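Visitor: I am new to this structure and would like to learn how to read it. Please show it to me and take the features one by one.

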Amino acid sequence: MNFKNFRDYLAWLYYQYLLVTGIYVLEPWEKSIFNSVLFSAFAMVVYTSYVFVPIHVRLALEFFSAICGGQPESTMTLMN
């Protein structure tokens, strides 16, 4: 694919988005509502992942390190 510039590439990507989702048949006000809902859902997923995933990963690491014979942090500080 040979695109003249970045703007043509973005227009092509948007056209592909319209075709894949099937919203090219909607009226402009319906498209804006659909895109707003889709963007809001995506933003909520990104925010939730940013806030909660690190906490769950840390808790999982602590849990599995305790199961695999790791020493608690209090014992580690006493040893050092």
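Guide: Start with the term patch: patches are made of residues with over 30% relative accessible area and no salt bridge, where like charges are joined within 9 Å and nonpolar side chains (Val, Leu, Ile, Met, Phe, Trp, Tyr) within 5 Å. Accessible areas come from the Shrake-Rupley method with a 1.4 Å probe, and for residues only the protein chains shown count as cover. Here, Phe6, Tyr9, Leu10 and Leu13 form a nonpolar patch on the surface, with about 380 Å² of accessible area together.

Visitor: What kind of model is this, and how are residues numbered?
Guide: The model is predicted, local features need pLDDT of at least 70, side-chain atom pairs count only at pLDDT 80 or more, and totals for chains, interfaces and linings use all residues. Residues are numbered from 1 along each chain as its sequence is written, and side-chain values use heavy atoms, with hydrogens and water left out.

Visitor: How many helices and strands does the chain have?
Guide: Helices (H or I, at least four residues) and strands (E, at least two) are DSSP runs, numbered from the N terminus. This chain has 3 helices and 0 strands, in the pattern α-α-α.

Visitor: What span does α2 reach?
Guide: The expected span of a helix is 1.5 Å times one less than its number of residues. With 40 residues, α2 reaches 56 Å from its first C-alpha to its last, close to the expected 58 Å. The 16 residues of α1 reach 23 Å, close to the 22 Å expected.

Visitor: Where does α2 have a kink?
Guide: The bend at a residue is the angle between axes fitted to the seven residues ending there and the seven starting there. In α2, a kink of about 35° lies at phenylalanine 52, shortly before proline 54.

Visitor: Which side chains meet in a salt bridge?
Guide: A salt bridge is a side-chain nitrogen of Lys or Arg within 4 Å of a carboxyl oxygen of Asp or Glu. The structure holds 1, between arginine 58 and glutamate 62 (2.9 Å, N to O). The two are 4 residues apart in helix α2 (residues 28-67), so about one helical turn separates them.

Visitor: Is arginine 58 buried, exposed or in between?
Guide: Buried means under 20% relative accessible area, exposed over 50%, and partly exposed in between (1.4 Å probe, protein chains only). Arginine 58 is partly exposed at 45%, and glutamate 62 is partly exposed at 37%. Of the 80 residues in the chain, 2% are buried.
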